[in-house]
Amino acid sequence: MKQFETINILDMIGAIGETKLKQRLSEFSCPVNPEIEHFVVDHAIEFAKKKLSVTYFVINENGKIIAIFTLAHKAVEIGDMRLSNTKRRKISRYAILDTETNCYTVSAFLIAQFGKNYAVEDGKTISGNELMDLTFEILEKVQHDIGGGIVFLECEDKPKLLEFYQNDKNGFMPFDERYSISDSTKYIQLFNFF
């Protein structure tokens with residue numbers, strides 16, 4: 001079994017300093033999603049210092065950053081009409097139903113960024129499912145400390161991405177979509193309980 005270490009960006013800054021971390025992050029490459037690469041290289045440190053989001057690095061046995069995920073906390077509205085009765089009962093533990101809009105308003109954990117470092121040679125990478133498991137390990141620790149029980153994310157409207165997030169292992173469910181004018185992209189919003 002592969003061994004990975006998950007390190008909070010703030011801990012990494014404390015251990016090696018911001019200058020060295022910037023240098024390491026400049027080597028991060030994610031050609032399948034340039035938005036992730038741009039975030040990691042140009043914004044991850046700033047967002048963490050401002051407490052807007054916290055990026056976690058997945059480090060392999062050679063000390064290389066092989067993947068990242070970024071977590072934040074955000075209010076979100078989830079429409080009632082797509083939910084089964086079981087899901088309505090479950091979501092009502094964490095959210096309030098606005099009867100006028102027929103939407104639940106919930107404070108949820110956001111997986112804001114999620115991706116692999118393609119600059120790391122083949123054979124040293126992590127699977128998407130392994131990365132999601134590491135993400136949920138952190139979320140479960142946070143949940144233990146402060147509560148909550150809903151996580152959501154947005155992904156591009158691409159069949160392979162949607163299949164990955166909605167598969168039986170990951171279990172995310174779509175609840176809305178949005179269109180970004182700035183990058184002309186349709187994003188599907190998905191949530192899950194944990």
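This is a predicted model: local features need pLDDT of at least 70, side-chain atom pairs count only at pLDDT 80 or more; totals for chains, interfaces and linings use all residues.
I started with F164, which is buried at 19% relative accessibility; buried means under 20% relative accessible area, exposed over 50% and partly exposed in between, with a 1.4 Å probe and protein chains only. Y165 is buried too, at 7%.

Residues are numbered from 1 along each chain as its sequence is written, and side-chain values use heavy atoms, leaving out hydrogens and water.

Next I looked up the rings. My search of the whole structure gave 12 aromatic pairs; rings of Phe, Tyr and Trp (its six-membered ring) pair if their centres lie within 6.5 Å, and planes under 30 degrees apart count as stacked, over 60 as edge-to-face and the rest as tilted. F39 and F47 have ring centres 5.3 Å apart and planes at 85°, so I logged the pair as edge-to-face. F39 is buried at 8%, whereas F47 is partly exposed at 27%. F164 and Y165 are also edge-to-face, at 5.0 Å centre to centre and 65° between the planes. Both belong to a cluster linked by ring pairs, along with F109, F114, F136, F172 and F194.

Then I turned to the nonpolar cores (buried Ala, Val, Leu, Ile, Met, Phe, Trp, Tyr and Cys residues joined through side-chain atoms within 4.5 Å). The largest has 46 residues, and I9, F57, F69 and F172 have the most contacts inside it. A second, separate core of 16 residues includes I78, Y104, V106 and F152.
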